[in-house]
Amino acid sequence: MNGINSGFGAWNPLVWTALFLGIVAVALAIRALGRKDYKKKTGQTKVYLSGNEEPEPEDLHVRGDALYWGMVEALSGYYRRARALHTGILSDYFAWIIVTLGIVFVLLAVGR
Amino acid sequence: MGNFPFVVAMLLVILGLYTLLFKRNLIKLVIGASLIETGVNLFLVALGYRTAGIAPIYTYAPPALADRMVLPTPQALTLTSIVIGLATTALLLSFAVVIHRHYGTLDVREVKELKG
Amino acid sequence: MNALSVHAPVLLVATPLLAAFVVPLVAKLGSTVRNAVVGVFTLLTASLAGLVAANVLAGSGAPSVYVFGANPLNLTLPSGMHVPIRILFEVDGMSAFMILITALVAVAATLYSFSYFKEHSGGEMYYPLLFLLLAAIFGMEETGDLFNFFVFLEIAGIAACGLIGFRPWRGRSQEAAFKTMALYTLSGLFVLIALGLLYGQHGGLNIAYLSSRVGAGMLDLVALGLLVVALGTKAGVAPMHMWALDAYGEAPAPISAVLVASSQASLYGLFRVLFTLFGAAVSVAALGWFLIALSVLTLFVGVTMALLQKDIKRLIAYGAVSQIGYMLLGVGVGFTTSGSRPAYGFVAMQGGIFHMVNDAACIGLLFLAAGAVHRASGTRDLNRMGGLGHDMKWTAALFAIGALALAGVPPFNGFSSKLLIYESSFAASPILAAIAILSSILLLAVFMKVFQAAFLGPRLLENVREASRGMLVSMLMLAVVVVVFGLFPGFFVDKLVTPAAKALWLGRDAYVRAVLGG
């Protein structure tokens with residue numbers, strides 16, 4: 001009743017959620033095994049053991065554009081074309097409708 | 001001769017589509033949409049017409065003329081469609097006026113801040 | 001009580017219509033009274049929607065007919081008539097499903113608008129347009145008459161564009177409204193031409209009557225083509241999706257959510273035309289595969305282009321477009337295989353239809369959260385945001401729920417429907433499933449970007465305040481739907497989705513019989 005059966009496999013979110021919570025509990029348990037006796041406010045809490053300066057958090061924020069810069073760069077050929085198609089010009093919007101209508105008519109005529 | 005109204009309607013629709021695709025001014029685009037609408041209305045009215053037909057009013061109509069009445073449904077459709085067309089045209093034109101105020105132009109190639 | 005139940009289908013359209021004309025009058029008495037009246041009418045509409053849907057689903061989705069002005073109300077063929085001449089509503093499982101979606105979005109959007117438009121003037125125009133839009137959407141979903149459908153389609157278009165261009169001091173919103181209205185007009189006229197063709201051939205406009213008469217003649221096929229393209233345009237299927245980006249992106253946030261429901265109503269019209277109006281009369285496999293190709297294109301273009309966007313609302317708009325692709329993919333696989341009716345075809349239909357409600361809930365949630373972010377930070381540019389999560393913990397959490405659900409991360413609702421779509425489209429062609437899964441992964445990437453850029457990191461913006469309580473409650477409402485539909489998908493698939501899918505997949509004869517008898 002609770003899960004769904006697609007004919008190929010089954011999906012039961014309650015079982016999944018229980019499993020997920022169990023894994024989270026195990027992870028927290030492992031984390032709790034860590035040492036608590038480190039010295040606060042000394043070099044032990046610094047990020048870099050090598051003694052580098054820690055940058056200000058404002059300088060570390062990855063801005064929206066930068067996050068997938070590499071992916072966009074790798075697919076720049078596709079993106080250049082896809083962008084060029086989204087011209088924002090109303091005449092092109094109409095042209096796309098007419099072209100699609102033409103294709104549908106051809107398919108219906110051929111498929112009849 | 002019987003198909004003449006349909007040919008005219010089709011020509012109007014094609015002229016309207018041409019206007020939408022190739023004219024550059026937003027006001028002209030609105031005119032194009034209006035042309036298509038006129039063509040469609042003509043098509044609908046022509047659908048219901050009978051040769052030498054009379055108005056579809058049943059009161060006092062002699063029974064002999066009953067099969068010469070034009071079809072009432074397409075006329076009702078056309079009337080509704082004209083009203084809707086008026087609303088869309090008015091709305092489009094008022095948007096065009098405000099666009100002209102903001103962008104300083106009505107060229108469709110320059111009204112494209114929303115792209116990409 | 002019984003009379004209310006009998007007349008519920010027409011009251012569902014009449015109530016918001018009445019509200020549209022009452023609200024401007026009571027708005028003179030001040031905004032508190034106006035909001036109270038708007039709230040009462042919205043709740044009334046939503047309860048009527050629930051009543052209509054409950055009545056239909058109690059009959060396991062069999063079509064129920066409401067004939068205007070007839071006595072008794074289900075008298076479709078008065079004595080001696082062979083053609084249904086009266087206007088009628090015909091509500092079956094699919095219509096009931098769509099009505100529930102619209103009611104859900106309507107309640108959330110109205111509640112949100114109370115806080116969102118608090119400091120704006122013009123509420124006396126805003127709520128009437130919203131109610132007109134709702135009345136038209138309900139009408140599209142209920143009507144059993146093609147011309148009636150056209151009229152509601154146009155009312156929805158006009159009201160929607162009035163709302164998109166509601167803030168005339170923003171030039172871009174006017175641009176979006178003009179483009180949307182122009183495309184709506186063209187596609188509306190295509191629908192009208194198709195109606196003319198069908199009427200000229202068969203002498204009727206009732207869907208059930210036409211369905212018993214259409215064949216694979218040339219003019220019928222031209223009408224089919226026009227209807228498919230026009231309704232596809234209105235639903236925002238690529239490559240006719242570009243108006244949707246402008247409209248969703250520039251409309252006020254609650255309106256974007258309602259526009260998604262309106263697009264889904266057009267998509268419902270497309271399904272109705274494909275399955276009920278034409279159905280077995282035209283088993284053109286080429287058309288089915290073309291629709292599948294369009295759906296895959298919609299998916300792919302939507303998610304890849306979303307990755308580039310800087311404007312948070314335009315980005316979500318791309319996400320919304322890509323979701324239309326999932327629905328069309330599921331139902332398209334069902335349509336293509338409807339000749340042979342394999343088991344996976346029905347599963348595909350279930351997936352596509354289930355995804356409609358999931359999409360309405362999570363895209364609606366995301367648009368509302370984006371509106372809250374815009375309101376709090378004063379910008380929609382993702383590059384200028386950062387660290388909003390420090391001050392907007394609730395909005396951040398709700399946005400995360402919506403984003404994860406949309407990307408199909410278990411256990412939220414998006415996963416359940418997408419799983420059905422993946423597995424059934426895999427049976428149709430493995431490439432389809434591969435593209436669908438890839439798009440889903442990309443969608444997760446896209447929303448990681450939004451979440452990271454807007455909510456995480458150090459505080460970059462001053463004076464950010466948490467969204468107001470009304471906005472949070474309406475978002476929370478959609479989030480609860482997202483989580484509950486995610487945790488108990490089996491229940492909802494059984495009770496809501498299966499009757500809807502059956503109504504399309506097998507219900508053509510029942511739909512015709514309900515009107516023509518026999």
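## A salt bridge within one helix

Let's start inside chain C, where the side chains of Glu175(C) and Lys179(C) form a salt bridge with 2.7 Å from N to O; a salt bridge here is a side-chain nitrogen of Lys or Arg within 4 Å of a carboxyl oxygen of Asp or Glu. Both residues belong to helix α6 of chain C and sit four residues apart, about one turn of the helix. Helices (H or I, at least four residues) and strands (E, at least two) are DSSP runs, numbered from the N terminus. Glu175(C) and Lys179(C) are both buried, where buried means under 20% relative accessible area, exposed over 50%, and partly exposed in between (1.4 Å probe, protein chains only).

Please keep in mind that this is a predicted model: local features need pLDDT of at least 70, side-chain atom pairs count only at pLDDT 80 or more, and totals for chains, interfaces and linings use all residues. Residues are numbered from 1 along each chain as its sequence is written, chains are lettered from A and ligands numbered from 1 in the order in which they are written, and side-chain values use heavy atoms, with hydrogens and water left out.

## Salt bridges across the chain

Over all chains, the structure holds 11 salt bridges. In one of them, Arg170(C) pairs with Glu250(C) at 2.9 Å, N to O. This pair links distant parts of the chain, 80 residues apart: Arg170(C) is in the loop between α5 (146-164) and α6 (171-202), and Glu250(C) is in helix α9 (residues 242-250). Arg170(C) counts as partly exposed because its relative accessibility is 23%, whereas Glu250(C) is buried because its value is 2%.

Asp391(C) and Arg459(C) make another salt bridge, with their closest N and O atoms 3.2 Å apart. Here too the pair links distant parts of the chain, 68 residues apart, with Asp391(C) in helix α14 (residues 388-391) and Arg459(C) in the loop between α17 (430-454) and α18. Asp391(C) is partly exposed at 24% relative accessible area, and Arg459(C) is also partly exposed, at 47%. Salt bridges that share partners join Arg170(C), Glu250(C), Asp311(C) and Arg380(C) into one network.

## Buried positions

Which residue of chain A is in contact with Thr233(C)? Leaving aside neighbours within four places in sequence, Thr233(C) is in contact with Ile97(A), along with Leu183(C), Ser187(C), Met240(C) and Trp243(C); contact means heavy atoms within 4.5 Å. Thr233(C) lies in helix α8 (residues 218-235) of chain C and is buried, with a relative accessible area of 1%.

Arg508(C), in helix α20 (residues 508-516) of chain C, is buried at 18% relative accessible area. Not counting residues up to four places away in sequence, Arg508(C) touches several residues, among them Ser211(C), Phe275(C) and Ala280(C). The C-alpha atoms of Arg508(C) and Ala280(C) are 8.9 Å apart, although 228 residues separate the two along the chain.

Phe491(C) is found in helix α19 (residues 489-505) and is partly exposed, with a relative accessible area of 37%.
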